Amino acid sequence: MKLISTTFALMLMASGVVFAADKHDHGHEDKPLHGGLVTEIKDMDYELVAKPDVLQLYVRDHGKPVDVSRATAKITLLSGSDKQEIDLKPSGDKLEAKGSFKVAPGTKVVAQVNLASKAATARFVLK
C-alpha cells in the first residue's frame with residue numbers, strides 16, 4: 001500500500017510540474033507588449049494598437065516577433081452603422097496605417113492578415 005501511495009504522490013507531483021511549466025510557457029504570450037489588445041489564433045499572437053491617427057498590428061509566434069516585411073493586412077472597423085476599411089502596410093516590426101480612424105470603445109475590429117503562407121482573421125472589441 002505504501003508503494004502505491006508513494007507512486008501516486010510522485011505522479012501527482014510530476015503532473016503538477018508539467019502543468020506549471022506549461023502554464024508558465026504560454027502565460028506571457030497573450031500580454032500586450034505595446035499597450036494594445038491581444039488575441040491568439042493557432043499559436044500566433046496578434047496585438048492591435050488602435051488610436052485615432054494610427055492603427056498598428058504586431059504579430060508574434062510563441063512570443064517572438066514575426067517578419068512582416070512581406071505581409072499584408074486589412075482592418076475593418078465597425079462602430080454602430082459606420083464601417084471603415086483600412087489596408088495596413090509593413091513598417092519595421094509591425095503592420096501599420098496612418099490616417100483618421102473611428103476607434104471609440106465598443107468598436108469591433110476584424111483584421112485579415114496574410115503572412116507568407118498563412119492567413120488568419122483576428123477579431124477585437126476596443127475598450
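Colleague: Which residues is leucine 88 in contact with, leaving aside its neighbours within four places in sequence?

Modeller: They are Leu55, Leu57, Thr72, Ala73, Ile75, Leu95, Glu96 and Ala97. Contact means heavy atoms within 4.5 Å. This is a predicted model, where local features need pLDDT of at least 70, side-chain atom pairs count only at pLDDT 80 or more, and totals for chains, interfaces and linings use all residues. Residues are numbered from 1 along each chain as its sequence is written, and side-chain values use heavy atoms, with hydrogens and water left out.

Colleague: What makes proline 105 exposed?

Modeller: Its relative accessible area is 66%. Exposed means over 50%, buried under 20%, partly exposed in between (1.4 Å probe, protein chains only). So proline 105 counts as exposed. Proline 105 lies in the loop between β7 (94-98) and β8.

Colleague: How do you know that β5 and β8 pair?

Modeller: Two strands pair if DSSP finds at least two bridges between them. Strands are DSSP runs (E, at least two residues; helices are H or I, at least four), numbered from the N terminus. β5 (residues 72-79) and β8 (residues 108-115) have seven bridges, so they pair, in the antiparallel sense. Alanine 73 stands opposite valine 113 in β8.

Colleague: What makes a set of residues a nonpolar core?

Modeller: Its members are buried Ala, Val, Leu, Ile, Met, Phe, Trp, Tyr and Cys residues, joined through side-chain atoms within 4.5 Å. The largest such core has 26 residues, and Tyr46, Leu57, Leu88 and Leu115 touch the most other members. β8 gives the largest share, four residues.
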